[in-house]
Structure formats: C-alpha cells, structure tokens
Amino acid sequence: MTTAAAHTLTALATDLLGGPPPVRLRAWDGSEAGPPGAPVVVLRSRRALRRLLWQPGELGLAQAYVTGDLDVEGELTAALRAVWSAAREHGLHPPRLTAADRARALATAVRLGAVGPPPPAPAAQARPRGRLHSRSRDRAVISHHYDLSNDFYALLLDETMAYSCGYWTGEHTTPVDAQRAKLELICRKLALVPGARLLDIGCGWGSLTLYAAEHHKAQVTAVTLSREQAEYVRGRVRDRGLSDRVDVLCRDWRDIDGAGYEAVATVEMGEHVGEALYPAFADALHHLVRPCGRVLVQQMSRGRTAPGGGPFIEAFIAPDMHMRPLGETVTLLERAGLEVRHTESLREHYARTINAWHRTLEDRWERFVELAGEQTARVWRLYLAGGALAFEERRMGVDQILAVRPGPSGVCGPAPATGGWYDGLERR
C-alpha cells in the first residue's frame, strides 16, 4: 500500500503557494508530511482533494471542512492563525493557477485516484436566487442566516439575545455585561428620554428595543425582515408588559412608513443593504429622523479586498453582504444630509465578543449538533474561529457612527456630551 499521498500533496502545495505550507498534512492513506509541531490538517478521503480541484481556494477548503472531508486536529483557531501568520510573515499567497499549474494538479490528482465529478455542495450552503437585493432575495438571504432557529441563537447568545458586538469595560466583564454596556452606550449616544420615539431598524431578537423601552422608557418601533425574529420579539414584549411602548414590524427597510423619530438606530444591519442601495439607505435614515434628531449606525467595516467577507462568508453565512472602509460609510451618510458627530471603533471588542460565542459553541457542542446538525455546527465553528481572528488581526473592523440631522439654518441641537456616555457602564 502506498503511503505517499501527504508527501505528494505537500510538495505540490509548496510549489503553488511559493513556500512550504504552515500546517502538517495527514492524508487518507495514513501518510504525514509537513513541519513537526504545526497544526495537523487531516484529509479524511480523496473527496476532499476533489473538492479543491473543482473549487480551488477558500470555498473548496470550507466545503471540505463543513462536510467533514477535511478536519483539523486540536484548536481550529490555532490552525487558522498559523495560516494567516505564514501569509503575512513569510509571503505565502493563494495560488493563481496557470494552465500549467492546473495540469500538474490534475496529474497529481489522477495519480492519487482523486479525479471524479464535482461533489455536491454542502446542504448548509446558501443558494440565493433572483435579482441582487430584490425584496424577495433579501428576505431569503436573511432567512438563511437568522431563521436558523430561535432555539439555536438562544443556546449561543446570552440572555440579552444581542447578536452584535458587545462593549467590554474591563478584564472581568462577562458577555452579558458587555452587551448591556453596549445597549446603554447606544441609548446614551442617542440621548433617549422617556417618551422619545426610537426606530430600531434590523432589531434582531429585540435586545436594543427591549432595553430602550424598559430602561429609558422610549416608544420603540422595531423592524426586522425575519419572521422568526419578529414573532420572538413580540413574545418578549408581551412577557415584559411593554406592549404599550413597543411596536414590532416584519418589514423591509425600504417599506418603513412615517418619519419624525427622535432617534434611529441600526445595529449591524447596514452590511446587508448592499453597495448599490446604501445611498438610498442613508437617504432613508435622514428622512426617518426628525430635524435635530440623532442616528446611530453600528456597522462592520472592511477594505476593498473581499468586501463581502470572502468566499466562505458569502456562501455559508451572509450572501450579498457588503462592507466598506469606515470613511466611505461616513461619506455616504454625509451625502444624505446627515452630520456625523462622533465615531468609535469597537474592533477589539468584537474579537472578545466572538471568542465568547465560540467558547459557548464548543462547551455546548453536542447540543448544537443535536439542534442544527453536524454540518451547520461545523459552519459556525469555522465562522466564529475565523471571525474572531479577522477582527483581532485588523482584517475587519466595526464602528459606532453617531450622526445628527441638521435643522433649519444648520441647527443640530446640543453638541453630544461624550464624557458622560461612559460613566458607570461597567455596572450595567
């Protein structure tokens, strides 16, 4: 029996990457090759190699991992960190395959018995249809991620059900403390007072809606495109006796009626709007808030490379998502007539937030598999491990942007008193 598969593949990868791969490879035939002590990537069958032939790069690797054709021994985060470190420090690069490279890879696959038809895409992979950012496609894309099940997110998140970056006030901050601090910070930046009308666009499972209604006595209109989220929030509103303060709408942002809100918040929803529609989204924010009212946008940012987050994110997590550098979002808000008064980076806070979710996933692994299936659990393991590193290593960012709609003659009301925003947040 030949035991050369790992050595053959490592030699091929070294040529294509421009240097030795930063992981140790174990193939289906028991062979191993690569640096001792490095994270071990296991190819459980020839099908893993076939996936990479048909989908070279990140998507093929992700498909192989999600299906279990490829696995990683030990901590997935350590393996991903080693790969990114090698790319950054040793100049390794994703292969740009020439015709000769493809012919050599195919010959290697033939020699290893891995040639065959393309394996089917994993069941957990999204399959969006229709015109980009049409209402029906947006609803389907949102449903793919957010309607996974309320039970799934309740198992992953803390009691606030906040699925967004928390605000970590100290070394011993707990995840729920970080989320409450974030919610309080948003309410303070929006200067909410009892009776103020708040529009929460992309309300998720109602964390900000409920907090603003309970703790700041605001009148909240909560909007989500997810039917499961809308029903969940309505139930929480009833349970807490807040029906007189909260109205929940299952609606596209393009279909929000009314105007004159004292405050508008959109927390990590703008990424789903898309590049072409963002100017219209910014115009809607300007229209919906009253003159001298405030708008708070919490949104992820990214450079011009992979504005959708990369092939894995776009295929499995959030198809059609679009991110841009912070400065470009500020420009779009200003072009809509809003005056940006304050920005705050929460990048390091998101690394801690996602790491907390990842620990929960691993601690409750069997329950997640039972609830959502092995493939979906593996999607989330890869998503959370990779996401935390992206924020840690500054490949992604997240920011809070506070803007005001100027009134007549440019009047914007009192300038934000930023000093008081942070007092006592660690005690929330």
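Predicted model: local features only at pLDDT ≥ 70, side-chain atom pairs only at ≥ 80, totals over all residues.

Guide: Helices here are DSSP runs of H or I of at least four residues, strands are runs of E of at least two, and both are numbered from the N terminus. Residues are numbered from 1 along each chain as its sequence is written, and side-chain values use heavy atoms, with hydrogens and water left out.

With contact meaning heavy atoms within 4.5 Å, α8 contributes Arg180, Leu183, Glu184, Ile186 and Cys187, and α9 contributes Ser207, Leu208, Tyr211 and Ala212. Six of the residues in this contact are nonpolar, one is polar and two are charged. In that division Ala, Val, Leu, Ile, Met, Phe, Trp, Tyr, Cys and Pro count as nonpolar, Asp, Glu, Lys and Arg as charged, and the others, Gly among them, as polar. An α-helix has 3.6 residues a turn, so residues three or four places apart point the same way.

The burial of α9 comes next. Buried means under 20% relative accessible area, exposed over 50%, and partly exposed in between, with a 1.4 Å probe and protein chains only. Helix α9 is largely enclosed by the rest of the structure, because seven of its nine residues are buried. These are Ser207, Leu208, Thr209, Leu210, Tyr211, Ala212 and Ala213. Besides α8, the buried residues of α9 pack against β5 (197–201), β6 (219–224), α10 (227–239), β7 (246–250) and β8 (261–267). After α9 comes lysine 217, with a positive phi near 55°.

Methionine 161, in the loop between α7 (150–156) and α8, has a phi near 60°, a positive value in a residue other than glycine. With a relative accessible area of 4%, methionine 161 is buried. Most residues other than glycine have a negative phi, and most peptide bonds are trans.

A nonpolar core is a set of buried Ala, Val, Leu, Ile, Met, Phe, Trp, Tyr and Cys residues joined through side-chain atoms within 4.5 Å. The largest has 101 residues, of which Tyr163, Leu190, Leu192, Phe312, Phe316 and Trp380 touch the most other members. Helix α16 (residues 374–392) supplies the largest share of this core, 11 residues. Tryptophan 380 contacts His145, Leu148, Phe152, Tyr153, Leu156, Tyr163 and Leu361, leaving aside neighbours within four places in sequence. Another core, of 27 residues, lies apart from the largest one and has Val223, Val264, Phe281 and Val289 among its members. In soluble globular proteins, nonpolar side chains tend to be buried together.

Proline 325 touches Ser301, Arg302 and Gly303, residues up to four places away in sequence not being counted, and is partly exposed at 26% relative accessibility.

Charged pairs complete the account. There are 26 salt bridges in the structure, each a side-chain nitrogen of Lys or Arg within 4 Å of a carboxyl oxygen of Asp or Glu. One of them joins aspartate 15 to arginine 104 at 3.1 Å, N to O. This pair links distant parts of the chain, 89 residues apart, with aspartate 15 in helix α1 (residues 5–17) and arginine 104 in helix α5 (residues 99–111). Aspartate 15 is exposed at 52% relative accessible area, whereas arginine 104 is partly exposed at 34%.
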